[in-house]
Amino acid sequence: MRRRYLLSLAILAACTADPDATGPAAVISRAGEITAIRSTLRPQDTDPGITLALDDYVVRTPRGGGNGRLFVYLPSSRVGPATGEVVQAVAAGLGYHVIGLSYPNNPGLVSFCPATPDPDLCYERTRLEVISGEDLSTSVAVDRANSIENRLTR
């Protein structure tokens, strides 16, 4: 119950943060206290082999060192990491280091997997290829450089 209450407060704080705060120096504020510094990072600046899904990563660094844990936000199909600003702000406000990671997620799997003979296998192989970059699916073409694993480690 206490955890739900704290999460509700954090969501409320994130929703009332300064809506004009953008760019590398932007901060998330909770009750007048700076809780995290927000910045962006171009994927191709971390690895020149990254050529797909070039929406900027969103990075939030909690003040005071945080809790030593990382929260990775993976957006849903066909959108970039900036769509999850509230979720990321709440996580940063709770002390997590946050990365909103762009990755090859367009088109959505629902556009082709249901028409395959084994949709479950299609979803599994396609997602594993997007995660690792290993050639497992004919539905996508994601190499190691463009994989989630490479992006996260870079």
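## Disulfide

A disulfide here is a pair of cysteine sulfur atoms within 2.5 Å. By that rule the count is 1 disulfide. Cysteine 113 and cysteine 122 form it, with their sulfur atoms 2.1 Å apart. The torsion about the S-S bond of this pair is about -70°, so the disulfide is left-handed.

Buried means under 20% relative accessible area, exposed over 50%, and partly exposed in between (1.4 Å probe, protein chains only). Cysteine 113 is buried, at 0% relative accessible area. Cysteine 122 counts as buried at 10%.

## Model and conventions

This is a predicted model: local features need pLDDT of at least 70, side-chain atom pairs count only at pLDDT 80 or more, and totals for chains, interfaces and linings use all residues. Residues are numbered from 1 along each chain as its sequence is written, and side-chain values use heavy atoms, with hydrogens and water left out.

## Nonpolar core

A nonpolar core is a set of buried Ala, Val, Leu, Ile, Met, Phe, Trp, Tyr and Cys residues joined through side-chain atoms within 4.5 Å. The largest one has 8 residues: Ile50, Tyr57, Ile99, Leu101, Tyr103, Val130, Val142 and Ile148.

Which residues does valine 130 contact, leaving aside its neighbours within four places in sequence? They are Tyr103, Pro104, Val140, Val142, Ser147 and Ile148. Contact means heavy atoms within 4.5 Å.

## Salt bridges

A salt bridge is a side-chain nitrogen of Lys or Arg within 4 Å of a carboxyl oxygen of Asp or Glu. The count comes to 5 salt bridges. Helices (H or I, at least four residues) and strands (E, at least two) are DSSP runs, numbered from the N terminus.

Arginine 38 pairs with glutamate 85, the closest N and O atoms being 2.7 Å apart. Arginine 38 lies in strand β2 (residues 33-41) and glutamate 85 in helix α3 (residues 85-93), so the bridge ties together parts 47 residues apart in sequence. Arginine 38 is buried at 12% relative accessibility, whereas glutamate 85 is partly exposed at 22%.

Aspartate 47 and arginine 154 meet in a salt bridge at 3.7 Å, N to O. Aspartate 47 sits in the loop between α2 (43-46) and β3 (57-62), and arginine 154 in the segment after α5 (148-153), so this pair ties together parts 107 residues apart in sequence. Aspartate 47 is buried at 11%; arginine 154 is exposed at 55%. Elsewhere, salt bridges that share partners join Arg38, Arg60 and Glu85 into one network. Another bridge links aspartate 45 and arginine 42 (3.1 Å, N to O). Arginine 42 is partly exposed, at 40% relative accessible area.

## Surface patch

Leu70, Val72, Leu74 and Leu152 form a nonpolar surface patch with about 300 Å² of accessible area together. Patches are made of residues with over 30% relative accessible area and no salt bridge: like charges are joined within 9 Å, nonpolar side chains (Val, Leu, Ile, Met, Phe, Trp, Tyr) within 5 Å. Accessible areas come from the Shrake-Rupley method with a 1.4 Å probe; for residues, only the protein chains shown count as cover. Leucine 70 lies in strand β4 (residues 70-73) and is partly exposed at 47%.

## Backbone features

The peptide bond from asparagine 106 to proline 107 is cis, with omega near 5°. Proline 107 lies in the loop between β5 (97-100) and α4 (119-132).

Alanine 53 is not a glycine, yet its phi is positive, near 50°. Alanine 53 lies in the loop between α2 and β3 and is partly exposed at 26%. Arginine 78 also has a positive phi, about 65°. Arginine 78 is in the loop between β4 and α3 and is exposed at 51%.
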